[in-house]
Amino acid sequence: MCEDNEGFLYPVVNTSICIECELCEKVCPVIHVQPDVEKEQRAYLVQHKNVQVLRESTSGGAFTAIAKWVLDREGIVCGAGFSTDFEVVHQWADCYEDLKKFRNSKYVQSRIGNTYKEAKQLLMEGKYVLFSGTPCQLEGLFSFLRRPYENLVTVDVVCHACPSPLVYRKYLEAQKKKMRSEFSNILFRDKYYGYKYSTMSIIGHDASIEYHEGIDTDIMMRAFFANMSVRPSCYQCAFKKRYRNTDFTIWDCFDVDKFSKKLDNDKGVTRILTHSDLADVILKESASQLEIVEIDPDKAVEGVKEMFHSVSVNPRREAFFKDLNQWDVEVCFHKYFPITLRHRLEKYIRLWSVRLGLYKQMKKIFKAINGNREIQR
């Protein structure tokens with residue numbers, strides 16, 4: 001796997017030893033896209049009862065409960081976490097304490113490494129394996145395994161798109177310079193200002209050095225949601241569909257009030273589609289840890305654009321990556337994502353609307369005023 005000038009990994013064939021068996025093409029999930037075939041589903045809203053787990057999770061903490069079910073059966077869990085230098089890589093956890101590294105979203109394409117091979121070996125040994133990731137990563141695992149395993153549990157997340165590791169590295173470089181500190185933790189979707197205001201938080205080695213900025217004023221998040229930094233294949237994603245091969249599909253539920261008054265909508269709620277009997281069993285047997293509300297599957301996916309539609313191409317994307325590779329990182333970021341007075345005002349308006357319980361109404365107003373302005377900038 002070799003990295004291109006945008007920071008994305010691509011497979012490169014060593015033609016000197018290739019025997020032209022074509023197996024790589026035969027199992028490729030993009031060449032052989034599975035149709036969106038309707039099957040029975042159930043849908044749930046989930047919120048973890050443990051306050052700390054809920055605080056550390058991006059949404060409702062459902063993944064921690066699913067993972068605990070696997071660990072309780074002497075299984076092992078694989079998901080996206082940080083390396084020692086904060087690169088996002090797929091890694092393993094075999095105890096409950098280590099599940100913390102999988103909480104909170106990572107808006108970077110993770111390195112899979114050898115985890116497919118390792119998962120297969122564990123499955124063949126009879127161990128329960130939980131594997132989580134984006135839809136394309138899970139389809140890659142299924143194609144690699146080439147047959148079903150009863151002891152495999154899979155969780156995919158509804159994915160907007162996969163941001164560039166190069167943009168992320170450049171972003172960290174700029175933040176280290178700005179904060180004058182190495183980092184002790186990074187949280188892409190922190191609840192520092194509350195669940196409904198997505199916040200990038202970076203904590204320095206000295207805990208007194210902190211950075212907390214949201215979608216209006218954080219460069220990494222602005223580049224992501226402007227579709228500037230995402231992988232080219234994300235503009236024509238082959239895995240945007242409702243009916244999936246995984247056991248669970250999980251994502252946020254900001255509008256929980258539309259479905260239920262039982263859950264606290266300010267602390268985070270996970271929306272879940274289950275695609276298998278095993279998934280329903282796991283949720284049922286994890287009920288003591290969770291607040292669970294079953295909802296209509298059709299209503300659960302209604303209006304969920306990220307599940308069905310690929311992101312649009314930002315017309316300035318090519319120029320952005322060219323400049324990113326040639327210019328000083330701060331100069332490049334300032335050119336494409338300047339932090340203006342308007343952005344700072346929008347930040348405080350959003351924050352106050354969250355605190356006053358007016359976020360849903362203000363979000364509609366922002367959309368009506370802004371339209372696709374960020375994408376066109």
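The model is predicted, so local features need pLDDT of at least 70, side-chain atom pairs count only at pLDDT 80 or more, and totals for chains, interfaces and linings use all residues. Residues are numbered from 1 along each chain as its sequence is written, and side-chain values use heavy atoms, with hydrogens and water left out. Helices (H or I, at least four residues) and strands (E, at least two) are DSSP runs, numbered from the N terminus.

**Nonpolar cores**

- A nonpolar core is a set of buried Ala, Val, Leu, Ile, Met, Phe, Trp, Tyr and Cys residues joined through side-chain atoms within 4.5 Å. Buried means under 20% relative accessible area, exposed over 50%, and partly exposed in between (1.4 Å probe, protein chains only).
- The largest nonpolar core holds 40 residues. Tyr168, Tyr171, Ile186, Phe188, Met200 and Phe320 have the most contacts inside it.
- At least two residues of this core come from each of helix H6 (165-179), strand E8 (183-190), strand E9 (199-204), helix H7 (219-225), helix H11 (317-326) and helix H12 (329-336).
- H6 gives the most to this core, with 7 residues.
- A second, separate core has 24 residues, including Ala62, Val70, Ala93 and Leu99.
- Contact means heavy atoms within 4.5 Å. Leaving out residues up to four places away in sequence, phenylalanine 188 touches Phe82, Asn104, Ser105, Lys106, Tyr107, Val108, Tyr168, Thr199, Met200, Met220 and Met221.

**The H11–H12 pair**

- H11 and H12 pack at an angle of about 160°, and their axes are 8 Å apart. Axes are lines fitted to C-alpha atoms, for helices over the stretch in contact, and angles run from 0 to 180 degrees between N-to-C directions.
- The two helices, H11 and H12, are therefore roughly antiparallel. Angles over 145 degrees count as roughly antiparallel, under 35 as roughly parallel, 65 to 115 as roughly perpendicular and the rest as oblique.
- On the H11 side, Ala319, Phe320, Asp323 and Leu324 meet Cys332, Phe333, Lys335 and Tyr336 of H12.
- The residues of this contact divide into 6 nonpolar, no polar and 2 charged. Here Ala, Val, Leu, Ile, Met, Phe, Trp, Tyr, Cys and Pro count as nonpolar, Asp, Glu, Lys and Arg as charged, and the others, Gly among them, as polar.

**Helix H5**

- H5 (residues 135-145) is mostly covered, with 8 of its 11 residues buried.
- The buried residues are Pro135, Gln137, Leu138, Glu139, Gly140, Leu141, Ser143 and Leu145.
- Their cover includes strand E5 (88-93), helix H4 (115-124), strand E6 (129-133) and strand E7 (152-157).

**Positive phi values**

- Most residues other than glycine have a negative phi.
- Glutamate 74 has a positive phi near 60°. It sits in the loop between helix H3 (62-71) and strand E4 (76-82). Glutamate 74 is exposed, at 65% relative accessibility.
- Phenylalanine 86 also has a positive phi, of about 70°. Its place is in the loop between E4 and E5. Phenylalanine 86 is buried, with a relative accessible area of 12%.

**Glutamate 306**

- Glutamate 306 lies in helix H10 (residues 305-308). At 34% relative accessibility, glutamate 306 is partly exposed.
- Glutamate 306 and cysteine 159 are 147 residues apart in sequence, but 6.3 Å apart in space, C-alpha to C-alpha.
- Not counting residues up to four places away in sequence, glutamate 306 touches Val158, Cys159, His160 and Lys240.
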